Amino acid sequence: MKKRLFAEALAKFLLGAVLVSLFVFLPAGTLDYINGWLFMATMFSPILIIGIILLRKAPKLLEKRLNGNEKERSQQQIVKLSGLVFILSFSLSSLDFRLKLTYLPLIVSISASVVLLLSYALYWEVLRENEFLSRTIEVQENQLVIDSGLYGIVRHPMYSSTTLMFLSIPLVLGSLIGFAIMLIYPFLIAARIKQEEYFLSENLPGYKEYLQKVRFHMIPYIW
């Protein structure tokens, strides 16, 4: 199993790195793009490290994270729209660099890369706390409601981490235009959360009580 899982994970990692690099460096028109390399390093180094750890310690969880095939049509649309937002944000950020339409100091990009790494740390903590974490909306066999740790603070800490992650990316790339495009992403996540909470309330025992216990969706004391 591990050999097959390793091959699948490695293939998806390499494919993702190649595709993202094309969206970043082709619009920039050059490989001499410091922000682009900073982004590639801070984006894919943690993915590689987390993948290796999961392969060794929690292969079943890794397999779940590799499966992104949504069954619900509405969720499929949200996933596709999210992908479009990512492509536009990455590409327009790089085009912004090429055409010099907006400017951010390098210190802003470095600070954003630190935020990106912190979001990965949050992401890892969520993976550590929730063995049932899947990329698709589903109820698994013997699944339990997790209400401790980060899940005792907000209902969807994974979405908190990914939102922080993706909002920081265009700033790492040095573009206000890309950041403006990426502001669409939180609204897509909000729509996904609404449907996910309804589904889990109807299908996961104890989830309705959890919604009463933990009030905030993603941001403590705000939403």
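Trainee: How do the axes of helix α1 and helix α3 cross, and within what distance do they come?
Mentor: This is a predicted model. In the model, the axes of α1 (residues 2-28) and α3 (residues 59-66) come within 11 Å and cross at roughly 40 degrees. That angle makes α1 oblique to α3.

Trainee: Is that crossing left-handed or right-handed?
Mentor: The crossing of α1 past α3 is left-handed.

Trainee: Which residues make the contact?
Mentor: From α1 they are Lys 2, Arg 4, Leu 5, Glu 8, Ala 9 and Lys 12. From α3 they are Pro 59, Leu 62, Glu 63 and Leu 66. By class, this contact of α1 with α3 has 5 nonpolar and 5 charged residues, with no polar ones.

Trainee: Moving on to α2 and α5. What angle do their axes make?
Mentor: Helix α2 covers residues 34-57 and helix α5 covers residues 106-129; their axes cross at roughly 15 degrees and come within 10 Å. Angles under 35 degrees count as roughly parallel, so α2 and α5 are roughly parallel to each other. Their crossing is right-handed.

Trainee: Which residues of α2 meet α5?
Mentor: Among them are Leu 38, Met 43, Ile 47 and Ile 50 of α2. The α5 side includes Ile 110, Leu 117, Tyr 120 and Trp 124. By class, the contact of α2 with α5 has 15 nonpolar and 4 polar residues, and no charged ones.

Trainee: And α6 with α8, parallel or antiparallel?
Mentor: The axes of α6 and α8 cross at roughly 165 degrees and come within 10 Å. The two helices are therefore roughly antiparallel to each other. The crossing of α6 and α8 is right-handed.

Trainee: What residues are in that contact?
Mentor: Helix α6 gives Tyr 159, Thr 162, Thr 163, Phe 166 and Leu 167, while α8 gives Tyr 185, Pro 186, Ile 189, Arg 192, Ile 193 and Glu 196. By class, the contact of α6 with α8 has 7 nonpolar, 2 polar and 2 charged residues.

Trainee: Different topic. How much space lies in the second largest pocket?
Mentor: About 290 Å³. It is lined by 15 residues, and the closest to the pocket's centre are Ser 160, Thr 163, Met 218, Ile 219 and Pro 220.

Trainee: Which elements give two or more residues to that lining?
Mentor: Those are α6 (157-172) and α8 (185-203). The largest share, 5 residues, comes from α6.

Trainee: How does the lining split by class?
Mentor: The lining of the second largest pocket has 13 nonpolar and 2 polar residues, and no charged ones.

Conventions: Residues numbered from 1 in each chain as written. Predicted model: local features only at pLDDT ≥ 70, side-chain atom pairs only at ≥ 80, totals over all residues. Heavy atoms only, no water. 1 Å grid on protein atoms, 1.4 Å probe; cavity = no way out; pocket = protein on both sides within 12 Å on 5 of 7 lines; lining within 4 Å. Points joined across faces, edges and corners; volume = space filled by probe spheres on them. Helix = DSSP H or I, 4+ residues; strand = E, 2+ residues; numbered from the N terminus. Nonpolar A, V, L, I, M, F, W, Y, C, P; charged D, E, K, R; others polar. Axes fitted to C-alpha atoms, helices over the stretch in contact; angles between N-to-C directions. Parallel < 35°, antiparallel > 145°, perpendicular 65-115°, else oblique. Left-handed = near helix turned anticlockwise from the far one by under 90°. Contact = heavy atoms within 4.5 Å.
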